[in-house]
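Here's a quick briefing to read alongside the model. Grab the sequence and the 3D view, and we'll go topic by topic.

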Amino acid sequence: DDFSAYQILETRRDSDGYWRAPTRPSFAAIGSNADPHIAPDGRTVFFVSNRPVPGDHSPPSTYDIWYATLGPDGAWGVARHLPPPISMPGVDEFSPSVAANGDLYFGSERPGGRGGFDLWVARWVDGDYQPPENLGDSVNTAGNEVEPWIAPDQSYLILSGTARADSVGRYDLYVSRRVNGVWQRATPIGHGLNTTASEFNHSVSPDGEWLYFSSTRPFAGRISERFDAPPDDRAVSGIGNGKGDIYRVATRELGW
């Protein structure tokens, strides 16, 4: 499969509780776009794109972090680029995730890491982002740490890791807790969630009750209640084909 280009799709829920057919949001109409993350305010989306930066006429080559906000009419505004020190020229940034106080977590292969992709945080202070800080040895290893999802209060961080000493699949999900301002060692999420396939692309619902994630595991269960109306069987025909499906698990089942 060709993963050289990515596309963001958006679905909105009608008043009857069903989801509309996915469409491309206006902020993702240019270039290759990926890793959308809705901020805790519910009105700002952060994402990455390799589109040209305004005023920069060089060909797109790496992914930078962008954002867009919802207007009063519910429509997305124009995409805006996060400049250095967030987006570093010649280096990819991936998977932005934002805490309630504005601190921005993301993955990058920029210099100063522990090896491969590491996780970083740029703190929001007095209306501006500070230079990104590496999350350190409790979170990052010589393997690859990607796709941070930060709890709104920054009490815990979920990430996907590969080529770590404790990996069981191509990508596994890990959690790190912050105690007295210090990140504890990231450990695999248990309860049979990780498999020999890939688990990634995770987030927790705003009410904290559900962990959503993607997995390439073979599908051997049952499809939950349909969210689409009218049902479109084309949307479920590829379930379990190894290319990745979306799952969810109640956080209470994980002991959280």
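Trp120 has Asn134 in β10 as its bridge partner. That contact belongs to the pairing of β7 (residues 118–122) with β10, which is antiparallel and runs over 2 bridges. Bear in mind that this is a predicted model: local features need pLDDT of at least 70, side-chain atom pairs count only at pLDDT 80 or more, and totals for chains, interfaces and linings use all residues. Residues are numbered from 1 along each chain as its sequence is written, and side-chain values use heavy atoms, with hydrogens and water left out.

**The sheet**
- Zooming out, 4 strands make an open, antiparallel sheet in the order β5-β6-β7-β10; strands (E, at least two residues) are DSSP runs numbered from the N terminus, and two of them pair if DSSP finds at least two bridges between them.
- The edges are β5 (93–98) and β10 (133–134): each has a single partner strand, so one side of each has no neighbour in the sheet.

**Aromatic pairs**
- Searching the whole structure turns up 11 aromatic pairs (Phe, Tyr and Trp rings, using the six-membered ring of Trp, with centres within 6.5 Å; planes under 30 degrees apart are stacked, over 60 edge-to-face, the rest tilted).
- Phe27 and Phe47 count as tilted because their ring planes sit at 40 degrees, with the centres 4.9 Å apart.
- Phe27 is in the segment before β1 (33–38) and Phe47 is in strand β2 (residues 44–49), so this pair ties together parts 20 residues apart in sequence.
- Phe27 and Phe47 are both buried (under 20% relative accessible area; exposed is over 50% and partly exposed in between, with a 1.4 Å probe and protein chains only).
- Tyr105 and Trp183 go edge-to-face, with 90 degrees between the planes and 6.4 Å centre to centre.
- That pair links distant parts of the chain, 78 residues apart: Tyr105 is in strand β6 (residues 104–108) and Trp183 in strand β14 (residues 182–183).
- Tyr105 is buried at 0% relative accessible area, and Trp183 counts as buried too, at 9%.
- Ring pairs also join Tyr6, Tyr63, Phe94 and Phe117 into a cluster.

**Charges over rings**
- Arg248 lies over the face of Trp210, 3.7 Å from the ring centre (the rule: NZ of Lys or CZ of Arg within 6 Å of the ring centre and within 35 degrees of the ring normal).
- The charged end of Arg177 sits over the Tyr156 ring, 5.1 Å from its centre.

**A loop residue**
- Lys243 sits in the loop between β17 (210–215) and β18 (245–250), and counts as exposed at 59% relative accessibility.
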